[in-house]
Amino acid sequence: MSEDAGGSDAVTDGIRVKVRAHFLPEHSSPQERRWAFSYTVTITNEGREGATLLARHWVITDAAGNEEHVRGPGVVGHQPSLSAGQTFTYQSGAILRTPHGMMQGEYLMERSDGSRFDAAIAPFALATP
């Protein structure tokens, strides 16, 4: 059973990134300093031009101020191309060593003309209820 832990919503150059996080008590172990969270990301192209998600950069910060940077190609094995009006949704997760923290970041996007920009992922809380 997951419990709502926070969320965010940001739009950059027509690309909306919404995130909703959930605490996963069944995968957490406070005795082992392990708090598990899942998050669902919905990326919607609200603009007129298509865009492809090339790479991700996440900054995960726990309550002690420890920062972890996660970079890589695409998301969950995909580099989705979004035409105007299209949406891509995926789920992933994070483990913290404290009962709360936050995540934020950006997706490197590319237009059909080769221009690139970073679509912001607004900060959202990872928090136990």
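The model is a predicted one. Across the whole structure a search finds four salt bridges, and the count of aromatic pairs comes to six.

**Aromatic pairs**

- Trp-58 and Tyr-107 form an edge-to-face aromatic pair, with 6.2 Å from centre to centre and 85 degrees between the planes.
- Because Trp-58 belongs to strand S4 (residues 51–62) and Tyr-107 to strand S8 (residues 100–111), this pair ties together parts that are 49 residues apart in sequence.
- Both partners, Trp-58 and Tyr-107, are buried.
- The rings of Phe-88 and Tyr-90 also pair, and here the centres are 6.2 Å apart with the planes at 35 degrees, so the pair is tilted; an angle under 30 degrees would have counted as stacked and one over 60 as edge-to-face.
- Phe-88 counts as buried at 18% relative accessibility, a value that falls under the 20% cut-off, and Tyr-90 is likewise buried, with a relative accessible area of 6%.
- Ring pairs also link Trp-58 and Tyr-107 with Tyr-39 and Phe-124, so that these residues make up a cluster.

**Salt bridges**

- Side chains of opposite charge can pair when their charged atoms come close.
- Arg-16 and Asp-9 meet through their side chains in a salt bridge of 2.7 Å, taken from N to O; Arg-16 is partly exposed, with a relative accessible area of 23%, and Asp-9 counts as partly exposed at 39% relative accessibility.
- Asp-9 and Arg-16 are also linked with Glu-46 in a network of salt bridges.
- Arg-111 forms a salt bridge with Asp-13, in which the closest N and O atoms are 3.5 Å apart.
- Arg-111 is buried, with a relative accessible area of 7%.
- Arg-116 and Glu-110 meet through their side chains in a salt bridge of 2.9 Å, again from N to O; Arg-116 is exposed, with a relative accessible area of 52%, whereas Glu-110 is partly exposed, with a value of 22%.

**His-57**

- His-57 lies in strand S4 and counts as buried, at 11% relative accessibility.
- The side chain of His-57 makes a polar contact of 3.4 Å with the side chain of Arg-71, and a polar contact of 2.7 Å joins the side chains of His-57 and Glu-106.
- When its neighbours within four places in sequence are left aside, His-57 is in contact with His-69, Val-70, Arg-71, Gln-104, Gly-105 and Glu-106, a list that includes both of the polar partners named above, Arg-71 and Glu-106.

**His-100**

- His-100 has its place in strand S8 and counts as partly exposed, at 42% relative accessibility.
- Not counting residues up to four places away in sequence, His-100 touches Asp-62, Ala-63, Leu-126 and Ala-127.
- His-100 and Phe-88 are twelve residues apart along the chain, and their C-alpha atoms are separated by 27 Å.

Terms used:
Residues numbered from 1 in each chain as written. Predicted model: local features only at pLDDT ≥ 70, side-chain atom pairs only at ≥ 80, totals over all residues. Heavy atoms only, no water. Phe/Tyr/Trp six-rings, centres within 6.5 Å; stacked < 30°, edge-to-face > 60°. Helix = DSSP H or I, 4+ residues; strand = E, 2+ residues; numbered from the N terminus. Buried < 20%, exposed > 50% of the residue type's maximum accessible area, 1.4 Å probe, protein only. Contact = heavy atoms within 4.5 Å. Polar contact = N/O pair within 3.5 Å; in protein donor to acceptor, adjacent residues only side chain to side chain.
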